[in-house]
Amino acid sequence: MAESSELRPLIELVDVKKGFGPVSVLKGVALKAYPGKVTALVGDNGAGKSTLIKGLAGVQPYDEGQIIFDGEPVTLHTPRDASALGIEVVYQDLALADNLDIVQNMFLGREETELLTFDEGRMEREASETLRSLSVRTVKSVRQKVSSLSGGQRQTVAIARSVLKKARLVILDEPTAALGVAQTEQVLNLVRRLAEQGVAVIIISHNLADVFEVADYISVLYLGQMVAEVETAKTTRDDVVGYITGAKTQARGAAA
Amino acid sequence: MSVTHTPETPEPGTPAATLDTTAIAATDSDLIGSGQEGGIVDQARAYLSRLRGGEMGALPAIAGFIVLVVLFSFLSPFFFTERNFANLLTQAASLVMLGMALTFVILLGEIDLSAGVTAGVTMAVFVVLSDPGGAHLNWIIAFLIALASGLAIGTFIGFFRSRIGIPSFVVTLGLFLGLQGAQLIIIGPGGLYRIQEPAVLAIQNNNMPVWMGWVMLLIILAISFATSMVDRTRRTRAGVPNRTIALMWVRLGVIAVLGAVVIFALSQNRGTAFLAVTGVPIVVPITLVILWIGTFVLDRTKYGRWLYAIGGNEEAARRAGIKVIGIRWIAFVVCSGLAVISGLFAASQVGSVDAAFGRNDVLNGVAAAVVGGVSLFGGRGRLMHAAVGALVISVITNGLGLLNLPSGVNLLVTGGVLILAASVDALSRVRGTKAVEHPTGPFNVFAIVGFVLSFVTAIGGIVLGAIAVFQIREHGGRGRGLAIWAVAIGIIELLIALVIAVTAVLRAQG
């Protein structure tokens, strides 16, 4: 993908609203994510990050608003809709089954079969290639049980799982929350490589150091409104903290 | 995906800075290991490290089985005879089937306390419908109706568990009580129906001709060979390494030798000079076929994989798009269906069905699964494990029965074995969740001496092993595994000595 200033967003949310009874959680939010770029979604607890993500995943559809995917308006009512478009979510609590091995986890729910029985060779090969394409070097065998993996390795498997079926938009929910320094570094490298493959990445994080290291764009949610969408290179950490806490707001035009 | 596999790669860590995965794979083509590389020695080493990681499977149960067989062979002259061996198989058959039935729900972390009474009430339906004095239906039709009622019970449990959300323990406890009532009403108070259909009695009491036993072994070998070859072909086609073929021959060899020993033993005349009894009991091939089908479904089809996934992490399975409710529902139906077959085996064995038929069986079935290595926490275990566990429990019942011990001893020993097995399960689960650490430092001397000594004197093994464990905990060092084995072997020897002593005392009194 050529570097250009006229990059078209892979996904664009326009004036998205979501409420639970009397509580309105998303009050007209806009969000863009670009192919080959990492967009960080930050905001304090209760800002509406999870609700926004659940809508993209099709788990909890929005009440109002437009979703434009690859230039076309789309609807996301079920997780199936989302995965049909190539939207994959890697959840914070790592949805992996401990008792299965890496290949089995990566293919869970979409196993390759032939005559109703597993084609283990093919699955093993694809899993292995996917991990290699992300330059994963810490995993010794793809037939290891996930229970024997470290936190960083599990995160790696969870991300690789999303890449496996050629995801076009990968949403990572706090991928480094429970990791040590070295493992955080590994996972952030992985996120970069994901973007380098042309995938649009949205990363949710509380850790601004991580955000500034990995993200191309930063979008800040504050009390259900998108208060800032900025390029990482053109902002400072103090500004972002200001947006998050509500002490500072961007020009209205850019946000709404 | 068209990817060429080139063995020599420039540098595995080259950052993949292009969009095209094919290009990436070309610069970086060697695959991540799959644990299938290397010769027999590497495979054996990998197996040992899995064992150490807590994936023991049926190994403790198999070891227990061997120990019990050796023990009872010393204690009773009748134990190690062809006749008793055949008895053991037929006595175990119903429990094997019940254990396999329960494995389907235990793998989900669920339980079916009503499996035993499901067998009971459906057999009550069966005898009432097929009895010559009653409805006198063809036995096959009667059995199909019994099976259908079993499946209906499973559907009922599945509905209340999956749709209403009642814990399976509670639903099946309710059924455990309710179905006993249904059984009592169907049979009538104090009633007892004798099984009169020869075909049903034949399942447990007749044998196949000797030659059919050998044919059965050949079929088992052929199927095992064929599935291995299919797997290998698919792996080769995908370009991933295969386990060394020697391993397959070893496996087939072990099946051939063990199978030949069993069939040869069952081919000897175990009746009298006037009425010869030879051959493999008919129940054995029926059980093997169901075991094979079940294992095939669990290991090689989506249903089986999803069952394991739900047992391991229900939320992960749900997010992967698996319809958890349906999978769980089907598991309860399968469990009840197999329970009906277990009931048929038991009815054939006992020869009659009364109002209490099957009432006390379910906990033995759970025990069989757990003793064999099926984890009550869900997600781990195989049908084969339940079968081995059922054999262990049956050996205890059979062996202690031959010793003329009070029947209370049987229950005590079975209970002890169950707790031991559950402890192994819980401990190996804890070990399995930790990444395997490799301790360094010198080998603990007490551990080595204790391990050797444990084969000579039980007390020495326990004491030195315990000292070693504490030393290693305090000061580090290697040999913790050896030390634990020393203690374990010592305790097993003590238990065996205790059983022998009790037997001797009771014999002297009686």
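**Stop 1: two helices in chain B**

Select residues 302-312 of chain B, helix α12, and residues 324-350 of chain B, helix α14. This is a predicted model. The two helix axes come within 10 Å and cross at roughly 105 degrees. Angles of 65 to 115 degrees count as roughly perpendicular, so α12(B) and α14(B) are roughly perpendicular to each other.

Now show the side chains at the crossing. From α12(B), pick Y303(B), W306(B), L307(B) and I310(B). From α14(B), pick V324(B), I327(B), I330(B) and A331(B). What classes of residue make the contact of α12(B) with α14(B)? Eight are nonpolar, with no polar and no charged residues.

**Stop 2: where chain A meets chain B**

Zoom out to show both chains. Here 46 residues of chain A are in contact with 49 residues of chain B. About 4,200 Å² is buried between the two chains. Carbon and sulfur atoms give 51% of that area.

Which residues of chain A lose the most area to chain B? Select F118(A), R125(A) and R132(A). Together they account for 18% of what the chain A side buries.

**Stop 3: charged and polar links across the interface**

Stay at the interface of chain A and chain B. The rule finds five salt bridges across it. Select E114(A) and R237(B) to see a salt bridge between side chains, at 3.3 Å from N to O.

Next, color the elements of chain A that touch chain B. β7 (113-114), β8 (117-118) and α4 (120-133) each supply at least two residues to that side. Which element gives the most? It is α4(A), with 10 residues. By class, the side of chain A that touches chain B divides into 14 nonpolar, 14 polar and 18 charged residues.

**Stop 4: a salt bridge inside chain A**

Widen the view again. Over all chains, the count comes to 27 salt bridges. For one within chain A, select E124(A) and R143(A). Their side chains meet at 2.9 Å, N to O. Where do the two partners sit? E124(A) is in helix α4 of chain A. R143(A) is in the loop between α4 and α5 (151-164) of chain A. The two residues are 19 residues apart, and the pair links distant parts of the chain.

Methods:
Residues are numbered from 1 along each chain as its sequence is written. Chains are lettered from A and ligands numbered from 1 in the order in which they are written. This is a predicted model: local features need pLDDT of at least 70, side-chain atom pairs count only at pLDDT 80 or more; totals for chains, interfaces and linings use all residues. Side-chain values use heavy atoms; hydrogens and water are left out. Axes are lines fitted to C-alpha atoms, for helices over the stretch in contact, and angles run from 0 to 180 degrees between N-to-C directions. Helices (H or I, at least four residues) and strands (E, at least two) are DSSP runs, numbered from the N terminus. Angles under 35 degrees count as roughly parallel, over 145 as roughly antiparallel, 65 to 115 as roughly perpendicular and the rest as oblique. Contact means heavy atoms within 4.5 Å. Ala, Val, Leu, Ile, Met, Phe, Trp, Tyr, Cys and Pro count as nonpolar, Asp, Glu, Lys and Arg as charged, and the others, Gly among them, as polar. Buried area is the accessible area (1.4 Å probe) that two parts lose on being put together, summed over both. A salt bridge is a side-chain nitrogen of Lys or Arg within 4 Å of a carboxyl oxygen of Asp or Glu.
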